[in-house]
Amino acid sequence: MADYPYANFRYMVEIDGLEAGGFSEVSGFDASIDVIEYREGDMVDTPSKMPGLKKYGNITLKQGVTDSTVMYDWIMLGVEGEVERKTLTITLLDATGAATASWQVINAWPTRYQAPDFNASASEVAIETLEIAHEGMTRVS
């Protein structure tokens, strides 16, 4: 029997070990290493390539607006004073709701909050967006 990949629409987000609520989208998980090309003066062939800076992309969290202000309060702490860094855990769930894979994001802090667009002629859910910067991610399971 073949192993099928998990669907990407069932997941859970925790902030410092506490469930952060329902999110409609979590995106931007990526890690990259810059490439430094080096060529000495007498080289006529392809330059050498060396690893450069390691970078992690910002993560974007989107959720429907509820009466919870946890995400808004988190960025406002940084806007009004000291930035509070936290650990995020994003867990992929299988069809039964069991955890299948988890990623831990360290030293995360909000860099941008976007309130929903308001449009009286639309019939969508109001979505708020929080962009998170971080200093590393690890797949823990």
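This is a predicted model: local features need pLDDT of at least 70, side-chain atom pairs count only at pLDDT 80 or more; totals for chains, interfaces and linings use all residues.

Visitor: Why is Met-50 called partly exposed?

Guide: The label buried requires under 20% relative accessible area and exposed requires over 50%, with partly exposed in between. Met-50 has 37% relative accessibility, so Met-50 counts as partly exposed. Met-50 lies in strand S5, residues 48-56.

Visitor: Which residues make the nonpolar surface patch?

Guide: Ile-36, Tyr-38 and Met-50 make this patch, which covers about 270 Å². Patch residues need over 30% relative accessible area, and Met-50 stands at 37%, so Met-50 passes that cut-off.

Visitor: What makes the contact of Lys-55 and Asp-34 a salt bridge?

Guide: The criterion is a side-chain nitrogen of Lys or Arg within 4 Å of a carboxyl oxygen of Asp or Glu. For Lys-55 and Asp-34 the N to O distance is 3.2 Å, so the pair qualifies. This pair links distant parts of the chain, with Lys-55 in strand S5 and Asp-34 in strand S4 (residues 31-38), 21 residues apart. Lys-55 is partly exposed, at 40% relative accessible area, and Asp-34 is partly exposed at 27%.

Visitor: How do you know that Glu-37 forms a salt bridge with Lys-49?

Guide: The closest N and O atoms of Glu-37 and Lys-49 are 3.8 Å apart. The limit is 4 Å, so this pair also counts as a salt bridge. Glu-37 in strand S4 and Lys-49 in strand S5 are 12 residues apart and link distant parts of the chain. Both Glu-37 and Lys-49 are exposed.

Visitor: Is Lys-86, the partner of Glu-84 in a salt bridge, buried or exposed?

Guide: Lys-86 is at 18% relative accessibility; buried means under 20%, so Lys-86 counts as buried. Glu-84, at 35%, is partly exposed. Their side chains meet with an N to O distance of 3.2 Å. The structure holds 5 salt bridges.

Visitor: In which sense do S1 and S7 pair?

Guide: S1 (residues 11-15) and S7 (residues 86-93) pair in the antiparallel sense over 5 bridges. Ile-15 stands opposite Leu-88 in S7.

Terms used: Residues are numbered from 1 along each chain as its sequence is written. Side-chain values use heavy atoms; hydrogens and water are left out. Patches are made of residues with over 30% relative accessible area and no salt bridge: like charges are joined within 9 Å, nonpolar side chains (Val, Leu, Ile, Met, Phe, Trp, Tyr) within 5 Å. Accessible areas come from the Shrake-Rupley method with a 1.4 Å probe; for residues, only the protein chains shown count as cover. Helices (H or I, at least four residues) and strands (E, at least two) are DSSP runs, numbered from the N terminus. Buried means under 20% relative accessible area, exposed over 50%, partly exposed in between (1.4 Å probe, protein chains only). Two strands pair if DSSP finds at least two bridges between them.
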